[in-house]
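Work through the two exercises below with the model open. Try each task before reading its solution.

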Number of protein chains: 4
Amino acid sequence: MIAPREAIPVAVLGATGAVGQTFIKLLHGHPWFRLAEVAASERSAGRRYGEATRPIFGDLAPEALDLPVLPCDPALVRSPIVFSALDAAVALDVEPAFARAGRTVLSNASAFRMEEDVPLVIAEVNPDHLDLLDRQRRVRGWSGAIVTNGNCSAIVIALALAPLHRAFGVRRLFVSTMQAVSGAGYPGVPSLDILGNVVPFIPREEEKVREETRKFLGELSGDRITPAPIEASVHTNRVPVEHGHTACMSVGFASSASPDEVRAAFCAWQGDPDARSLPSAPSRVLVVHDAADRPQPKRDADAGRGMTVTVGRIRSDEMLDVRLVASGHNTIRGAAGASMLNAELMVARGLLP
Amino acid sequence: MIAPREAIPVAVLGATGAVGQTFIKLLHGHPWFRLAEVAASERSAGRRYGEATRPIFGDLAPEALDLPVLPCDPALVRSPIVFSALDAAVALDVEPAFARAGRTVLSNASAFRMEEDVPLVIAEVNPDHLDLLDRQRRVRGWSGAIVTNGNCSAIVIALALAPLHRAFGVRRLFVSTMQAVSGAGYPGVPSLDILGNVVPFIPREEEKVREETRKFLGELSGDRITPAPIEASVHTNRVPVEHGHTACMSVGFASSASPDEVRAAFCAWQGDPDARSLPSAPSRVLVVHDAADRPQPKRDADAGRGMTVTVGRIRSDEMLDVRLVASGHNTIRGAAGASMLNAELMVARGLLP
Amino acid sequence: MIAPREAIPVAVLGATGAVGQTFIKLLHGHPWFRLAEVAASERSAGRRYGEATRPIFGDLAPEALDLPVLPCDPALVRSPIVFSALDAAVALDVEPAFARAGRTVLSNASAFRMEEDVPLVIAEVNPDHLDLLDRQRRVRGWSGAIVTNGNCSAIVIALALAPLHRAFGVRRLFVSTMQAVSGAGYPGVPSLDILGNVVPFIPREEEKVREETRKFLGELSGDRITPAPIEASVHTNRVPVEHGHTACMSVGFASSASPDEVRAAFCAWQGDPDARSLPSAPSRVLVVHDAADRPQPKRDADAGRGMTVTVGRIRSDEMLDVRLVASGHNTIRGAAGASMLNAELMVARGLLP
Amino acid sequence: MIAPREAIPVAVLGATGAVGQTFIKLLHGHPWFRLAEVAASERSAGRRYGEATRPIFGDLAPEALDLPVLPCDPALVRSPIVFSALDAAVALDVEPAFARAGRTVLSNASAFRMEEDVPLVIAEVNPDHLDLLDRQRRVRGWSGAIVTNGNCSAIVIALALAPLHRAFGVRRLFVSTMQAVSGAGYPGVPSLDILGNVVPFIPREEEKVREETRKFLGELSGDRITPAPIEASVHTNRVPVEHGHTACMSVGFASSASPDEVRAAFCAWQGDPDARSLPSAPSRVLVVHDAADRPQPKRDADAGRGMTVTVGRIRSDEMLDVRLVASGHNTIRGAAGASMLNAELMVARGLLP
């Protein structure tokens, strides 16, 4: 592993929003990266970050307060590493502009995730998909790159399935999520919609979970990814939880497996060795909780500083092989922390220009 | 239909709890039944109902306040119709004592639901299962009877599946529930467990949903019920909602059906004709809501005064046939209101002694 | 009392918002008024009401669904009675235009409440303030009128204080509110701000409570209102409650009074006789609840179909005279229902053109 | 300051409850204290701590899991420092038994707080009150001692008032609290009582806030404490918040003071110098937050690892001198953390036997 000799300056695009603020919180005290620049929409540009930003999750990191908010323009934002917390519609134009200008964009936006030449990566699961960058640079002519990290629910689900897919081959999946409001950003979900309520619909979410899970668990051969052959029946719901997406899953395998075998596969799995010692990596990426009523988002989302996915309730199923529940922190493991880990992985592998 | 000439006196067992209070609320102004007696545990017996009872869902019906709380003893509780909101463990002894003493017990408890000679009935779905009472009386030698109404989630799920089972034959079911805290009674779920949280476990709930759904949708032939041949993968969750259980379902049929056909089956179905004009019957037992984000417990649980189940998000599934969401009021449609409707049905059919 | 011979057509301005929807719910089945027209911002105008409106509190009244949404222009909206749920900034221009055009505007907006010639009226408390309309018409030259009904917290507080002010003279008031999110409209309070949280600030709310309470309880002499001489120390807070504003109050009187005397004053008071038999009047406008832990918004907001204010915890105070708690439904008693009652009062008194 | 040469063994009484678990969390990694023993009721005694305890706030500290749960008997619990999270009724007998046996009991229970010879101490506010221990030992003949730390709301309120009382003399106080459910322990508040609700009553809480605030801010002369001469009008409320009690206060001084002067007094105050460098002391015990809508429990309770009280909204009052809002973490600053700091203070001052 190559640790950088001195802190690498990084920028955060979309820095005033919920995921943007989480990026800045994670960069506070980061051993490899130094928050050098923040950028946001025209509305905020030109003000101090501390003035332009309403603190959503407790107070803002002090080193960010006096940074000027820049427009999302690679001519003005100069850091080599760029974390993007932009909305998909904005990312569509802005992220390629940065990649073209030679920057490495670690994107939390959905705009490019399903492009054939764009890596969609969970550092512990499919770091080899970063090899797509050769094709990306070749095809697009970029000196920089776009690397994406996936939908917040898809990351939690794919992480929980990864050891099982390696061991038994996941073929059929029922999943029903209960997702935290922070996943919708700020102002996001109106309180009148969610206080004491459940909303059984999140626009485009079910498609993302299905498609991204297949890509995460897919096989790279040559410069092409074959999605994992998983039939998926997906339900996504919003619940009155602040942080932590929970997924109830029934899973069917190519080669059947018992709950005990599934449990053993979870305990044996530690993710890609390269990812294990990165600064943002938790001591254990997947934890099996044995209490009958866990995982729970309020009690488990912060495990591993928000980077651990907790799995529990592994039991047999009369229709598929097993049922289980997984839960993870959506704005950390499922968003900003995932991007951070991808950036660290790229640094460690010498993949940054 | 036989409407009673004068109001029939009824008793509520377990009257001080959450479901007991709901029974008393539903009996307020009831055209056929008159709340004559309340009974509860030894701890409450001997006090006035208004003193013994902490109002859980707004104030108590005035006619109940001065009733003396009786012990759950058929020698002291004399009404011919008895609604039981007892805990299963207590019901195990008390309900047969009342049946032996000639009373008709409409039970919300789980103690006898799965007994072969005990009807488990949703008035609109399987009223013919009341024919089991002949066998029950014959086998047990009771002059009275026990009729049960099922688990609160199972009722909502079975009601939503009933039209589809009749039309297409339900064979495979994935269901993940999000259940209200009122389903756990009072004091029930501690606030520290559920505020801003999801608990992915409810003791014995998944088994009840699976088994009761099959029995509700089963076929009576002779004096035996053949459970519906449905493979079911069930997940049950508690969420911070006051009233209203929501179920995400993926459904596979014997003969495949499209979302449009499913929608049509829902709209055509009105439940058993005998149930339609009962006092507690809603004008429509099943409503299909066409908004993309409905049903929602907070906005839909009170439909049809809590007796309507709302269905929505009917869409195709890549693994089974369709996905959909159903939601219903758990303490009314899923508990006290279901018992009430069963009692009304029995009166209308002349099944009361 | 003059009941109208036939239903009077009414319009709702700002019909798509939270208070607007509440107006339409209250007009459903109203014996005197008939919803004839709905109007809203340019964005909604021209569409069907059912299309332009997202249902916030359960489904919309069916008779409204097909009404065309009109712009807020008195040339197009022709009903003689106009209920206004407009934002203050919009009301500033629109409401006078309607008054000028001869319509009676029952306004829930804050724009004109503190104007010297504009009645700020709670029907049971200060119906005599409607006499200001002579001055209003004289000064402004309007053939119509604007009558306002006050801030949602101020109404609950003034209603609770009214009997005490008449009996003992309220002179000093500490009040700290806990206000429901529906008071902020839709989308209103973001869920990330209020789930599991308290926000101790509502813009301009403390001033409104202080000033409007004084005006409600003030004396009309000639064509001038002398505000009640109440020193007030006001705190206002937002809490995660859907409906129902709760106010903790410590009250000091001109002539001291004991908790028993205060209780007696509440029980004796029934509000202005003219208001008592109006269609929207509750059977009891103020109810004293004797349970140690009431009133509570969830359990008491719906009392009197949302028009009753519940008072409790009357106890002595070591600093002022008594402490007590009042709670009332903010979008009904504190907004749309208050306007409705004012309109009914005006009809009954023959004050409509 | 005397830091101990090696970690002092400590015991936690009532270790399985909400405050007990918080003690154990705070002792994890403590530089001076080592969790040696846990004790609880007979029901739990004899089992492993990890088996006897349901984790309320995330997982339990690993070093506690295998400790045997002892009965609350000084013959079996041998640590010289004993943290008590017992219920008041149990504490009444148990705590004196430990003090008699020579142990120093740092008590979170209310049983002895208002005894004349028992110090009620906030380390930063009134450490001199520990001098009462001479009288306590003389009168009671104990070789050990009981030191109490006050009600969770009273601590937050007294901390916020301390600088103002020193500077201007607090004479009149209106306070209305909004308290978190964790203050009621586990299982504590039923979810059906508090989801989407406010409960304006907490048994005995208003008296505690009034009396304890006066004792905290009282003067020690000789071996007697003269309570601060503060007239107080107190309202206490439960709200659906997990952690963090918030208090709205209007304050009148002996010598009047403006909001600016009050702000300056807060900023100048740092608490007793002896308390400042203790292991559990936050870098700033009181923080003035300048945002218009702060403090908020969800965003501010964790400030200073739960030991900082945040104050805001300092503004003038038309009745008393100023209004302000204070918020602090109830189970840390208001309970276990307060005891911990008191124990550290006693160690640092050489007050432990």
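**Exercise 1: one asparagine**

The side chain of N330(D) comes to 2.7 Å from the backbone nitrogen of G244(D). This is a predicted model, in which local features need pLDDT of at least 70 and side-chain atom pairs pLDDT 80 or more, while totals for chains, interfaces and linings use all residues. Residues are numbered from 1 along each chain as its sequence is written, chains are lettered from A in the order written, and side-chain values use heavy atoms, without hydrogens and water.

Task: state where N330(D) lies in chain D and whether N330(D) counts as buried or exposed.

Solution.
1. Locate the residue: N330(D) sits in the loop between β14 (322-328) and α12 (332-348) of chain D. Helices (H or I, at least four residues) and strands (E, at least two) are DSSP runs numbered from the N terminus.
2. Apply the cut-offs: buried is under 20% relative accessible area, exposed over 50%, partly exposed in between (1.4 Å probe, protein chains only). N330(D) has 1% relative accessibility, so N330(D) counts as buried.

**Exercise 2: chains A and B**

Task: describe the contact between chain B and chain A by its residues, its area and its salt bridges.

Solution.
1. Residues: 49 from chain B and 50 from chain A take part (contact: heavy atoms within 4.5 Å).
2. Area: about 3900 Å² is buried, with 53% from carbon and sulfur atoms. Buried area is the accessible area (1.4 Å probe) that two parts lose on being put together, summed over both.
3. Salt bridges: the count is 12 (side-chain nitrogen of Lys or Arg within 4 Å of a carboxyl oxygen of Asp or Glu). One of them joins E206(A) and R323(B), with the closest N and O atoms 3.3 Å apart.

Key
A polar contact is a pair of N or O atoms within 3.5 Å; within protein, one must be able to donate a hydrogen and the other to accept it, and residues adjacent in sequence count only if both atoms are side-chain atoms.
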